[in-house]
Amino acid sequence: GSKALSTSAEKSLIGNGLVLDDVQMVIDLPEFDHEVALKASNEAVELVPEVKKELVEFVSSIASGYPKNAFHNFEHASHVILSSNKLLKRVMAADDIATTEKEALTSKELHDHTYGIGTDPITHFAVVFSSLIHDVGHPGVPNGRLAQEDPKLARKYVNKSIAEQHSVDIAWELLLLPKFKNLRACIYQDRIECKRFRDLVVNSVMATDIFDKELKALRNSRWDMAFAKKEIEKVLEKEDVDRKATIVIEHIIQASDVSHTMQHWYIYLKWNERLYREMYFAFLAGRSQKDPSEGWFEGELWFFDNYVIPLAKKLRNCGVFGVSCDEYLTYALQNRVEWEKKGKDVCKKMKSRAEEEARSLELLKQIGEEEEEEEQEVEESALAKAGGKAAVLDETNTRAISVPPGKLGIVIDTNDDGNPIVHHINDESPLKNKLNEGDTIVSIDGVDTKGMNSATLSTLIASGANRTRSFVLATGLDSIVE
């Protein structure tokens, strides 16, 4: 029965469109409200059917927007969701809020002890939502390489946290579609709640860029301001409490993003190898100048000493998780010891397995080349099925191609006239000899793509990643007949 905030009001909260500019030093969380706290404690929240349907569709759309990277994929996002939700539950572990006057007081104590995090449902949902979307559209390479591959995207985001800002924009643009109006009305119901939700999402996702030196220095200075100094017993100002909450929220998602390093040794090994494979195959594809095999052992030790273990100590020192968060630090220290003893041997085995996989893929590539003649028949059939769109094109400049399942290794952009074009083709792309940079994408599986923005088109492409797709292309916009 909630009335959705108008889309124009929601869009007005984005400012000039640069996600980085929406990062808040302090996010304004609500004062304690007993009725809201009671709702926050109820784990059996029932969603009405239309909201549940929209939520499932939204998650499915985001899932389809994750490329099939070895590490930065939807399984990683799911792992981060589980980890962040676990930490949120540990924030709530001290309570089961009920309705008696005495227990109501306990809920107020929980609110104060957790700086308002423990009793705000929007905060809980925003952290899980951020975990879901934080790597959507990830290119499988670091921001520095992404800037080289897609200079236009880099300019859009002023060469800062490119992938992270792009992920927020993809998710927010999707959420604001009319078909998700009931979902939005369930998340927030006025401008204040909408702004709080967006602020939490932006801060959380931007916190996952751990290699930007300026952002890292800013977060460290805020941590020092909020927690480093010994405080004399006093009543904190609300801004001080909100600053602590903001920092804790960012550290929840940072810890969740690398939670495999603070879990069982075999969980750590699984995700460590996936990250290695992602970087190794990027190197083989010419997307990186350095073989990650060189220095991987030493790099992991550095990462434990300079990021993982200090982060686990901060989780303990902020005081909102209780003694249960000692588990994170214990596992981090144990994994560091194990890696120092066994890491060199692990690295040799990882490289051997990756090299064997690379040889297998090369064999598959040779087989694929032998089947090109068969694909030609599929391409001709796809052009015939393109029907309506092909009828308004100069057929001499139009062609259909068969697109294999999996990652395509191309960058899509939108030109000034609103038409999707092929902006860049990676060297390892299976479409390297089928596409040209500047080609207009006219339709995909018969769906007219004229006027689609790059984010929507990328989602459409990813939705069919498990099967062969049919693209109709035009060589330049001059071939489109209005």
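Ala-465 is buried, with a relative accessible area of 12% (buried means under 20% relative accessible area, exposed over 50%, partly exposed in between, with a 1.4 Å probe and protein chains only). Ala-465 lies in the loop between α19 (454-463) and β6 (469-474). Helices (H or I, at least four residues) and strands (E, at least two) are DSSP runs, numbered from the N terminus. Leaving aside residues up to four places away in sequence, Ala-465 touches Lys-68, Pro-405 and Gly-406; contact means heavy atoms within 4.5 Å. Ala-465 and Pro-67 are 398 residues apart in sequence, yet 8.7 Å apart in space, C-alpha to C-alpha.

The structure is a predicted model, in which local features need pLDDT of at least 70, side-chain atom pairs count only at pLDDT 80 or more, and totals for chains, interfaces and linings use all residues. Residues are numbered from 1 along each chain as its sequence is written, and side-chain values use heavy atoms, with hydrogens and water left out. The protein averages a pLDDT of 83, and 80% of the residues score at least 70; pLDDT is the predictor's confidence in each residue, from 0 to 100. Over residues 388-395 the pLDDT is below 50, and this stretch has 13 contacts in the model beyond near neighbours in sequence. Residues 477-482 also stay under 50. For these residues the model has 16 contacts beyond four places in sequence.

The largest nonpolar core holds 88 residues. Such a core is a set of buried Ala, Val, Leu, Ile, Met, Phe, Trp, Tyr and Cys residues joined through side-chain atoms within 4.5 Å. Phe-58, Phe-197, Phe-321 and Trp-339 touch the most other members. Helix α15 (residues 296-317) supplies the largest share of this core, 11 residues. Another core, of 16 residues, lies apart from it and includes Val-422, Ile-425, Leu-431 and Leu-473.

Helix α3 (residues 49-64) packs against helix α6 (residues 121-133) at an angle of about 35 degrees, with the axes 10 Å apart. Axes are lines fitted to C-alpha atoms, for helices over the stretch in contact, and angles run from 0 to 180 degrees between N-to-C directions. Phe-58, Val-59 and Ile-62 in α3 meet Phe-129, Leu-132 and Ile-133 in α6. By class, this contact has six nonpolar, no polar and no charged residues (Ala, Val, Leu, Ile, Met, Phe, Trp, Tyr, Cys and Pro count as nonpolar, Asp, Glu, Lys and Arg as charged, and the others, Gly among them, as polar).

Aromatic pairs number 19. Rings of Phe, Tyr and Trp (its six-membered ring) pair if their centres lie within 6.5 Å; planes under 30 degrees apart count as stacked, over 60 as edge-to-face and the rest as tilted. Phe-58 and Phe-180 form an edge-to-face pair, 5.5 Å centre to centre with 85 degrees between the planes. This pair links distant parts of the chain: Phe-58 is in helix α3, and Phe-180, 122 residues apart, is in the loop between α9 (162-175) and α10 (181-187). Phe-58 counts as buried at 1% relative accessibility, and Phe-180 at 0%. Ring pairs link Phe-58, Phe-125, Phe-129, Trp-172, Phe-180, Tyr-188 and Phe-197 into a cluster.

Val-158 has a phi near 45 degrees, a positive value in a residue other than glycine. Val-158 is found in the loop between α8 (151-156) and α9, and counts as partly exposed at 45% relative accessibility. Ser-161 is placed in the loop between α8 and α9, with a positive phi near 45 degrees. Ser-161 is buried, with a relative accessible area of 3%.
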